[in-house]
Amino acid sequence: MRPVNPFSPSFGISPPVLAGRREVLRSFDSVFDNVRSPSHATLLWGLRGTGKTVLLNALEDRARAEGWLVVSAAAVGREGLIDQIRSKASALLDSVRSMQEAPSRRAVTGVSVMGTGIQFERASAAERAEAEEADLETVLETLGEWLIEQGTGLLVTIDELHVSATDEIREFGSVFQLASRRAERPVAFVGAALPELEDRLTAGDASTFLQRCRRHEISNLRPSEAAIALREPIEEAGGRIDDDALEIAVEASMGQPYLVQMIGSYLWDDAEDLARGATADEARRAVADAAAQFGRHVHGPVWNRLSDLDKRFLVAMLADAGTSAIADVGRRWGHSPRSLSTYRKRLLSAGMISSVGRGRAAFADPTIRQYVETRAAAEGFGPDG
Ligand SMILES: Nc1ncnc2c1ncn2[C@@H]1O[C@H](COP(=O)(O)OP(=O)(O)OP(=O)(O)O)[C@@H](O)[C@H]1O
Ligand SMILES: [Mg+2]
């Protein structure tokens, strides 16, 4: 029987082989032995599905392997981030404290003369209450001081940082700065965000904290990395992939990590004899199946949030085989040219198009063009809007 499919075509699920990303991993490793390392505050940014969450997870694993504690948060709305981190960090502080206590040791924390006499309570319960009320800065300071004594550290990660309001990010930044950086406590931060956060940073709506973070752009894998991500899991399970099949799969994946996992997964399921080797024909079939799914899963959610005018902008680009002149798009678009640059910016930060020189734009990758073609036909957008 064939072993369980090792590929992970799901958001946030770690791949069997995390390909590439060496620079980020290496630069992050410096935080473990240098409290002044600039990587103590790191920001990963990139388009949907490029692998930010699984990289965050890998960094958390590395921190744990070094004996560090981890608070892992994800922004779910404009507000509430600080509360989420505070409550996770104080739960950690609480468990650190109760671990230090011998289980049977009890402290007299209050004497009641009403009826029952002396009241015993675990000391940690009182401390717990105290920790629950403490603000994030106090919690991080207390944890930080304890960690210095222990010779370890704390990593705070925040996924989907772009979802938070700038004020909230700014507040977290200043708390982190005070509790960690300024006092050289071993508390590190890694955030992950979509490029729209970068736009906010450059648009003056910025938080200096984020501007000072060490920033890594997480982009698609190189062909050699995509090949590793596909081949190694197959070989580790005792299978093979023919060279031409691998080439077809790698090229079609464009290095897009999610697509790499999807192609790998289809190939695994559909190859007739993995031990003999997946063939070129099987790779072609896996690529076709994966491409259809990919559009639905990755571009679908973005497309559904676009306005009619956003969509018309994209449809107007279809007339050009390669890149488009924005002025031409404007003519086909049939809407006031004055708002053209606003829509161009919106589509840039949604990751649907990329800027290719002054006054020009292109689909951010060929699967987006394909997806727009299909949707435009299904939703009845004519070629001239
Ligand atoms: N370095 C990598 N090598 C191989 N596969 C990867 C790599 N990074 C990510 N993947 C795979 O790509 C997919 C997307 O990864 P992940 O969920 O981390 O993306 P993301 O950038 O967080 O996306 P989103 O912005 O939508 O949250 C997952 O299936 C994951 O297993
Ligand atoms: Mg993610």
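Good morning. I begin with helix H10 (residues 243-253) and helix H12 (residues 280-305), whose axes come within 7 Å and cross at roughly 20 degrees. Axes here are lines fitted to C-alpha atoms, for helices over the stretch in contact, and angles run from 0 to 180 degrees between N-to-C directions. H10 is therefore roughly parallel to H12; angles under 35 degrees count as roughly parallel, over 145 as roughly antiparallel, 65 to 115 as roughly perpendicular and the rest as oblique. Helices (H or I, at least four residues) are DSSP runs, numbered from the N terminus.

Two remarks on the source are needed. This is a predicted model, in which local features need pLDDT of at least 70 and side-chain atom pairs count only at pLDDT 80 or more, while totals for chains, interfaces and linings use all residues. Residues are numbered from 1 along each chain as its sequence is written, and chains are lettered from A and ligands numbered from 1 in the order in which they are written.

Let us return to the first pair. The crossing of H10 past H12 is right-handed, that is, the near helix is turned clockwise from the far one by less than a right angle. Which residues of H10 meet H12? They are Asp-244, Ala-245, Ile-248, Ala-249 and Ala-252, and their partners in H12 include Ala-283 and Val-287. Contact means that the C-beta atoms, placed from the backbone, lie within 7 Å. The contact of H10 with H12 has eight nonpolar, no polar and three charged residues. In this classification, Ala, Val, Leu, Ile, Met, Phe, Trp, Tyr, Cys and Pro are nonpolar, Asp, Glu, Lys and Arg are charged, and the others, Gly among them, are polar.

H12 also meets H11. The axes of H11 and H12 come within 8 Å and cross at roughly 135 degrees, so H11 is oblique to H12. On the H11 side the contact includes Tyr-258, Met-262 and Tyr-266, and on the H12 side Ala-286, Ala-290 and Phe-294 are among the residues met. By class, this contact has twelve nonpolar, one polar and four charged residues.

H11 leads us to the ligand. Helix H2 (52-65) and helix H11 (257-270) each supply at least two residues of the shell around ligand 1, and H11 gives the most, with four. Of the 26 residues around ligand 1, Pro-15, Gly-51, Lys-52, Thr-53 and Pro-257 come nearest; a residue counts as near if its C-beta atom, placed from the backbone, lies within 6 Å of the molecule.

How values were computed
Contact = placed C-beta atoms within 7 Å.
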